Amino acid sequence: YSLVAENTLEVLTAPEYAPYKAKGIRDIPTNCVLTINSDSNANPHRAKSRTIVLGNHEERVWSKADKYAPVLSQIAGRAFISAAVRKNRIVKQGDGKNAFCQPTLPDDEVVIVRPPKGCPISDQHTYWKLKKTLYRLRRSPRHWYEAFTGALRDLGLKPLPHEPCIYFGQPF
């Protein structure tokens, strides 16, 4: 239900999808992935459900540059932690809740998906026009990286010249 709360999609009926289909925009199937998190005693603690797009069915071909999102290298991560320890700093790690569902899709990138079978928020024979990205879309990592780094830059932070995943500066 977080997809609805985050305004990630717009539900389309078959007649509403027809003009997109006529333009050659094909729907991409989705799946629901269920996981169960365990507590420290290996007892079930929390059940999670994630809707993912089967990106391998996406017909659009993107260049590597269009899909690329840098990640922190192991060496840079160790150097960062080492520098923080040397300066008696506290290092904190964060996790973005539904991170790939946050960035808004560009207007020229129309993505229509079929909801997973048994979806509680859509009737059968409906489609979703995505307003934001979903997991496993080919360009989701790139969109997330651009949105996240844009927010860091808005805070006045700058990336290191040779490590685009480490930002420095004094936030406003």
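Predicted model: local features only at pLDDT ≥ 70, side-chain atom pairs only at ≥ 80, totals over all residues.
Residues are numbered from 1 along each chain as its sequence is written, and side-chain values use heavy atoms, without hydrogens and water.

Three strands form an open, antiparallel sheet in the order β1-β5-β4; strands are DSSP runs of E with at least two residues, helices are runs of H or I with at least four, and both are numbered from the N terminus. Two strands pair if DSSP finds at least two bridges between them. The edge strands, β1 (9–13) and β4 (112–113), each pair on one side only. Five antiparallel bridges join β1 to β5 (residues 126–130), and K129 in β5 is the bridge partner of E10.

Within α5, S140, H143, Y145, T149 and L152 are buried (under 20% relative accessible area; exposed is over 50%, partly exposed in between; 1.4 Å probe, protein chains only).

Four salt bridges are counted (a side-chain nitrogen of Lys or Arg within 4 Å of a carboxyl oxygen of Asp or Glu). One of them joins D27 and R114, with closest N and O atoms 2.3 Å apart. D27 lies in the loop between α2 and β2 and R114 in the loop between β4 and β5, so this pair ties together parts 87 residues apart in sequence. D27 is buried at 16% relative accessible area, whereas R114 is partly exposed at 38%.
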